[in-house]
Structures are given as C-alpha cells and as structure tokens.
Amino acid sequence: MKRILKRLVISILLLSLLAVVAVTLWLRWRVRAAFPVLDGAIPVPGLAAQVEVLRDARGVPHIRARSMEDALFAQGYVTAQDRLWQMDLSRRYAEGELSEILGDTTLRQDIDSRTLGFPKLAEASLNELPPEDRLWLDSYVRGVNAFIESHRNRLPLEFLVLRYQPKPWRAVDSVAVTLNLAKELSETWEVDLMRERIAARLGKELSADVFPDHSPLDVPVADVPLGAPASAPKTASKREVGDSQNDFAADLPAPFSAEGAGIGSNNWVVSGTHTQSGKPLLANDPHLGFSIPSVWYMIHLKAPGLNVSGISLPGLPFVIIGHNDHIAWGMTNTGPDVQDLYAESFNFRNPRKYLHNGQWVDAEVRNETIRVRGQDDYHLTVKVTRHGPVVSHDGDRDLALQWTLLTPHAVRIPFPRINMARNWQDFTAALRDLSVPMLNCVYADDEGNIGFYAAGLVPIRKQGNGSVPVPGSTDDYDWTGYIPFEDLPHSFNPKDGIIATANGRIVPDNYPYFVSGRWEAPYRTARIFQLLRGGQQFTPQDLLRIQTDITSIEDLWLARQVAVAAEKRPPSSADAQYAVSVVKAWDGVARADSAATLVLEVTRRALLIRILKPRLGDDLMGYRWPMSTTFLQNVLEQNLTRWLPPGDADFSETLMKSLEEGIAQIPALVRSTNHGAWKWGDTIPLIILHPLSSGLPFARRWLDIGPYPQAGMGTTVKQTSQRIGPSMRMVVDFSNMDGSLQNIVVGESGQPFSPYYRDQFSAWYAGQSYPMLFSDEAVEKGAVHKLMLVPHP
C-alpha cells in the first residue's frame with residue numbers, strides 16, 4: 001500500500017509539473033502569436049498601392065506611401081499592431097464603456113463620461129469635420145480594422161485575459177480619444193468648489209493670501225496684442241466657434257491622469273544666436289501620468305505632401321508633437337479657466353424645469369444605460385441646462401458645468417494642417433482649429449524663425465472670472481464670447497531669441513483679458529530661463545541636460561529660510577541638528593540620495609499645515625494650490641503676522657517647529673531611524689503599473705516597472721513624482737534633423753514580452769535619448785525590420 005501511495009503521489013506531482021509546463025509553453029506561444037509581423041510582406045485589403053514600413057532599433061515605424069490615404073491606413077494598421085488594447089481602453093474611457101469589460105471598479109469613470117455627454121459630443125463633432133479630414137480619418141480607421149479582422153484569433157494578451165473581442169474601430173472612436181486629453185488637461189471645476197469653501201471660511205483678505213496667482217519669478221512670454229482693449233472687454237468679439245481655416249482594474253487611472261498631481265510640461269525654443277550650429281533648437285517634454293503602455297506612440301509618416309515625425313496619440317491619425325521638413329513644434333498645457341459652475345434653481349414640483357430670467361424652462365434629460373460586467377446595468381439620468389450638464393449636487397444646490405469643450409462646434413482636429421505647415425503663417429492658421437485644451441505651442445523653422453502661440457478657446461464673461469460657482473438663474477454671469485484668436489497670447493522672434501513655457505503665468509499684468517487665476521508654480525519656468533540665459537552655443541545634448549535638470553529653486557529658498565531661522569532659534573534635538581546641518585551644506589540639487597531634499601520637503605509640508613490649520617481646521621485637507629509655496633514665501637518674507645500660529649513668537653519659531661514636526665515623519669517614510677537612510681528618492685519610488693496587474697499579481701514582474709528611487713521633485717525641470725513625469729522627451733535640431741532626439745517612457749509596444757515593451761525605459765530613467773531618424777539615408781541605415789503592406793483584392 002505504501003508503494004502504491006508513493007507511486008500515486010509521484011504520478012500526481014509529475015502530472016502537475018507537466019500541466020504547469022504545458023500551460024506555460026502554451027501561454028508563451030499564445031503571447032508570442034500576438035506579436036506583430038515586422039518583416040516580409042502582408043496582403044492587406046483596402047490599400048491602393050504598396051506601403052513600406054521600416055522599423056528602427058526602437059521599433060519606431062517609418063512609413064513610406066504613395067498617397068496620404070495609404071500612409072494613414074498604414075499608420076492605423078501599425079498602431080493597432082502595437083497598441084490595440086490601449087486604443088480600445090481609450091475609446092471605452094471616453095465613451096463610458098469601461099465597466100462593460102472591467103466591472104464596477106470603473107463605474108465612476110463611465111458615469112463621468114456619460115454625464116458629460118462624450119459619446120454624443122464625439123458623434124456631433126465627427127459630423128462637422130471637413131470632407132478632407134473625414135477622408136483621412138476614414139483611411140486610418142480602415143487600417144485599424146484591417147488589422148483587427150486579420151487577427152481575431154491572435155489578439156493581444158489583455159483580450160485573452162478579459163475574454164472579449166474588440167469591436168470594429170469607428171471614426172467616432174478616434175474623435176472620442178481626443179476628448180480624454182482635453183478632459184485631463186482642463187478639468188478644474190472641483191477646484192472652484194474648494195476655493196468657494198475656503199473663501200467662505202477665511203474671508204476676502206486671507207483667501208487672497210492662500211490663492212496667489214503672481215510670483216516675482218514669473219517670466220511672461222506673451223506680447224500685449226496691439227489694438228486690444230485696455231481692460232477685459234464686457235462683450236464678446238465675434239470669434240465664432242467652428243470657424244476654420246471582472247475586476248481586473250482595481251486601480252485604473254484615466255489615460256493621461258496624474259492622480260491629483262499638477263499635470264505639467266516644459267517646452268522651449270532658442271534661436272540660432274544661442275546654438276553651436278547657428279540654427280534653432282526646440283525642446284519639449286510633456287509631463288503626464290505614467291502608464292504602460294506609454295501615452296504616446298512614435299511614428300514617421302512620408303507621402304506626397306507629407307513628411308512628418310514625432311509622437312502620435314494611439315487612435316488618432318497624424319503626429320501631435322514633432323517636426324516636418326520645414327517646421328518643428330512643441331506643446332505644453334496653458335491651464336486657462338474654461339470651466340464654470342452655475343447653481344441652477346430647479347422647480348421642486350417639476351424637477352425637469354429650471355429657472356431662467358424669471359421663467360421656468362425645460363432641461364434636457366438624458367437616460368443613459370451603462371453595462372457592468374457581472375452585474376445589472378446601471379441606469380443614469382442626466383439633466384442638462386443651458387449652461388451644461390448637472391455634474392454636482394453640492395448640498396441643496398444643483399451645479400451645472402459650462403465648459404468650452406462642450407460648446408457646439410468646439411471639437412476640431414488641427415493636426416493634419418499642423419503636420420503639413422511650411423512656415424509661421426501656415427502654422428498659426430492651423431492653430432485656429434485648436435480649441436480644447438488650450439496649449440502653449442512653441443515653434444521653429446528652417447528659415448531661423450522662432451515663435452509661440454497659446455491657442456485655444458478662452459471665455460469672456462459678463463462679470464466674475466469663474467473661480468467659484470455663481471448663480472445660474474439669470475444671464476448676469478454668462479459667457480459672451482471668446483478671446484479673439486489674434487489677441488491670444490503669442491510672440492514671434494523675440495529680441496532675446498528665447499521662448500520657454502512650463503505651465504506658469506505666460507501673460508504680463510497689462511494683458512487685457514483674463515486667462516487664468518491658477519497658474520502652476522513658477523520654479524520650472526524660472527530655472528529653464530536661468531539655464532538658457534546663462535549659456536551659449538547650445539547643442540541637442542545640452543537641451544537634453546536641461547530637460548533632466550534637478551536643481552530645486554523652490555527648496556533652495558526654503559533652505560535659506562531654515563538656515564536663518566536656525567541661527568535665531570537653534571534646534572535642540574539631535575535629529576533637528578543633523579537636519580539643519582545637511583540643509584546648510586546642500587547644493588540645491590534634488591538627487592535621489594539627498595537627505596537635505598527630504599528634510600526640506602517634509603518641512604515645507606509641515607510648515608504649510610502649521611500655518612493654515614488654525615484658520616482652516618478640517619478644510620485644510622481639501623486645500624490644493626500649485627503656488628502654495630509662493631503663499632509661504634509671501635508670509636515669511638513679508639512677515640504677514642496675521643498668519644502667525646498661536647503660541648509662536650515669530651516665524652523663525654514657526655519654521656523650526658515645522659522642521660521638528662516634519663523630520664519626525666522621516667523614520668516612517670524610510671523605514672529606519674538611521675540618518676544614513678534619509679534619502680529623498682526612496683520616498684517617491686517610481687512605479688508604473690499595467691492596468692491589469694492588480695488582478696494578475698503573479699504577472700506583475702513582467703507587466704509592471706519599478707519601484708525605482710527617483711531624483712528631482714514636482715517643481716524641478718525634470719518634474720518628478722510617483723505617478724507623473726516626462727511622458728516623452730524631444731529635441732529638434734534644424735542643422736541636422738537626424739541628430740534630433742526623442743524617446744518615450746517605456747516602449748513602442750503595448751504587448752508584454754515584446755522586445756519593444758520596455759526597451760526605452762533604461763535610457764529614459766537615466767536621462768538619455770535616441771536619434772530621431774528622418775532622412776531617407778538615416779532611416780534606411782537604421783532599419784532593423786522591413787515590412788511591405790501589399791494591396792489585396
């Protein structure tokens with residue numbers, strides 16, 4: 001009996017081992033079966049002529065076609081090869097259909113998209129596209145669907161895990177994915193509620209203190225428009241909108257989300273007087289939420305009338321940021337206030353009617369059905385007033401959202417014309433179609449010109465600035481139009497030959513229109529100008545080094561304050577004495593192993609809490625302001641004793657007590673009481689999560705990246721946090737386009753185990769980059785794969 005049992009156990013173990021090996025081999029085969037074909041020839045129905053797709057060492061497609069339509073068809077095809085599941089996720093996010101495949105963990109996102117009416121908005125916008133744009137978009141769509149239909153049994157891993165098939169791609173899906181970016185870069189209405197709540201508690205003077213919108217470090221780059229009114233006009237210019245020249249995802253962020261952090265970016269351009277070559281250099285590194293796969297997809301398109309290289313948005317044709325034969329452009333978020341909340345008065349006897357100028361009028365009512373995997377459908381009723389959808393029931397108020405994105409005729413696609421622009425006139429004409437989000441666009445061309453245009457719709461209001469909710473029952477706070485395109489912030493060939501933006505204030509005090517009262521902190525902008533004005537003979541590598549600069553102007557200021565305060569109020573504890581010593585010896589560089597940066601960061605947070613808590617109490621937790629350090633600077637440097645905490649004799653005592661309170665948190669942050677463990681980078685580890693990894697913990701080592709310690713901080717040029725950072729880096733060199741640089745965070749492929757899934761990460765993490773191959777000779781020489789897409793009857 002013992003021998004029988006022993007043999008039985010051995011047999012079971014062997015069978016189990018064989019089963020594991022078989023499943024592993026099958027999974028490996030199945031995953032690799034979904035990898036795209038990169039070499040040879042593929043017959044594809046829908047092409048007019050043969051298309052060549054060369055891929056370089058990073059897997060970047062360089063497409064050569066005989067017509068624009070075939071080039072865009074091929075772009076759709078190769079993007080689907082690498083990013084099909086990401087594309088499907090993006091369209092579902094915009095159209096409120098995530099829960100259909102992911103369960104109720106994404107229901108909140110679906111409710112938001114349906115409340116905003118994104119599916120309806122995308123349909124209406126598609127129907128308004130010019131015929132040529134629609135033709136190009138349809139070409140891209142056919143390419144995506146050609147891939148889907150030929151790979152139904154070899155789809156990427158995520159479709160297998162979630163057990164569903166993608167629907168055919170539609171032109172409306174491409175329009176919808178653009179709405180995601182607009183939403184993430186311009187959604188501010190919850191900030192309005194926070195400002196209202198805190199202003200009600202603090203009063204006018206103190207509220208103005210905690211919400212600063214100016215700093216001595218601001219570097220406005222816009223010229224004041226000639227002939228513009230001396231103050232913000234009360235009536236609109238006639239700039240008409242539409243004028244044109246299973247719960248696998250427990251933690252699924254929005255496609256561009258920074259999860260509460262300030263989404264920022266850097267771009268700048270220098271004229272040939274500042275470069276070694278005598279030709280302009282242009283740099284751009286948009287800062288967005290980290291994701292796998294990367295937000296962007298690098299691509300090079302060449303066809304008659306088109307030769308453009310840069311980053312694209314999976315799901316949308318053409319290039320978003322990049323260069324062609326004649327011009328280059330980069331973009332950062334302007335951050336205008338384009339969302340206003342209106343407190344609507346609904347009739348309690350008939351809740352479908354609301355008050356407008358003394359009359360009860362009908363609200364539009366939409367009934368939405370959201371499918372939820374594994375559960376009953378969720379039924380949503382949305383009420384829409386003349387201002388927009390009701391997005392919040394705050395206390396006894398129904399708050400409707402007016403937003404430029406939801407304005408009829410607002411959604412347009414400027415990228416075809418940007419991609420084909422040959423000069424400043426073409427470029428700015430194309431920007432007339434850029435409505436939401438408003439973007440700071442820097443420009444350079446092969447004639448040596450440089451420029452900047454902040455393009456997008458910015459409302460003009462009858463009164464107020466949209467910073468808090470206002471009554472909606474009358475026209476008193478209505479929008480009357482938009483800033484005329486000619487008066488939007490811009491500059492062309494400035495005398496000093498330098499233009500830079502980093503989400504800070506771009507307009508001077510005498511600019512005649514209101515753009516925003518909530519600019520990002522000025523430190524990145526100030527540091528970029530400091531480096532650009534302090535150097536000459538720049539090369540592409542020099543600009544790459546600036547993109548990865550981690551000197552903190554913000555913490556250098558605080559370090560000086562700590563040093564002065566410590567002289568007046570010497571620290572008593574050993575930890576505080578050590579903290580002051582490392583701060584005094586610090587050189588201002590936020591390295592990953594910097595103890596001083598860690599000390600200053602915890603001190604600054606503790607200082608803000610110590611000063612604000614006596615006034616704000618429980619509302620302190622809701623306070624979020626990008627220029628909160630400017631508030632602290634004003635308080636300390638101007639000795640604003642109205643903010644002196646009770647019991648503190650002066651602000652030196654406040655600061656040293658804050659240091660003590662801050663460093664008391666360090667042992668928990670670094671999990672050690674040893675001073676040698678005080679390393680800033682360990683407290684903000686970089687972790688990039690695949691959307692499904694929380695439901696597949698055994699696969700995290702293959703799906704996710706991190707944790708890795710990081711250098712830099714939120715206000716260094718290399719903006720750093722656990723969830724946000726440079727989503728790509730690009731430097732364009734007009735003296736040698738093949739010497740331009742570009743890389744994304746992770747890799748071109750969204751398919752785990754692909755050689756291009758994470759091959760760019762090491763260079764990105766180290767602050768390095770790759771050549772942005774452009775000329776025929778460089779592309780041919782650098783090609784490691786060659787695929788021919790051949791017309792199939």
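Is Glu 364 buried, partly exposed or exposed, and what is its relative accessible area? Glu 364 is partly exposed, with a relative accessible area of 33%; buried denotes under 20% relative accessible area, exposed over 50%, and partly exposed the range in between (1.4 Å probe, protein chains only). The model is predicted, so that local features require pLDDT of at least 70 and side-chain atom pairs count only at pLDDT 80 or more, whereas totals for chains, interfaces and linings use all residues. Residues are numbered from 1 along each chain as its sequence is written, and side-chain values use heavy atoms, with hydrogens and water left out.

Salt bridges were assigned where a side-chain nitrogen of Lys or Arg lies within 4 Å of a carboxyl oxygen of Asp or Glu; the structure holds 51 of them. Glu 364 is paired in this way with Lys 120, the closest N and O atoms being 3.1 Å apart, and Lys 120 is exposed, at 53% relative accessible area. Arg 366 and Glu 368 form another salt bridge, with a closest N and O separation of 2.7 Å. Arg 366 is buried, at 13%, and Glu 368 is likewise buried, at 16%. A network of salt bridges links Asp 88, Arg 91, Arg 92, Glu 95, Glu 100, Arg 170 and Asp 173.

Strand 11 (residues 353–356) and strand 12 (residues 359–362) run antiparallel and are joined by four bridges, where pairing requires at least two DSSP bridges between the strands. Tyr 354 stands opposite Val 361 in strand 12. Two residues lie between the strands of this hairpin, in which Asn 357 takes a positive phi near 50°. A salt bridge also connects Asp 362 with Lys 353, the closest N and O atoms being 2.6 Å apart; Asp 362 is exposed, at 55%, while Lys 353 is partly exposed, at 23%.

The second largest pocket has a volume of about 620 Å³. Of its 29 lining residues, the closest to the centre are Val 384, Gly 388, Leu 406, Thr 407 and Pro 408. On a 1 Å grid over the protein atoms alone, a pocket is an open set of points where a 1.4 Å probe fits, with protein on both sides within 12 Å along at least five of seven lines, and lining residues have an atom within 4 Å of a point. Grid points are joined across faces, edges and corners, and the volume is the space filled by probe spheres set on the points. Helix 5 gives the most to the lining, with four residues. By class, the lining comprises 13 nonpolar, ten polar and six charged residues.

Helix 18 (residues 628–637) is largely enclosed by the rest of the structure, because eight of its ten residues are buried. Among the elements covering these buried residues are helix 10 (204–210), helix 13 (523–533) and helix 17 (595–616). Just after helix 18, Asn 639 takes a positive phi of about 50°.

Further backbone features occur elsewhere. Asn 503, in the loop between strand 23 (498–501) and helix 13, has a positive phi near 75° and is buried, at 3% relative accessible area. A cis peptide bond joins Ile 292 and Pro 293, with omega of about 0°. The bond from Gly 706 to Pro 707 is also cis, with omega near 5°, and Pro 707 lies in strand 25 (residues 705–708).

Key: Contact means heavy atoms within 4.5 Å. Ala, Val, Leu, Ile, Met, Phe, Trp, Tyr, Cys and Pro count as nonpolar, Asp, Glu, Lys and Arg as charged, and the others, Gly among them, as polar.
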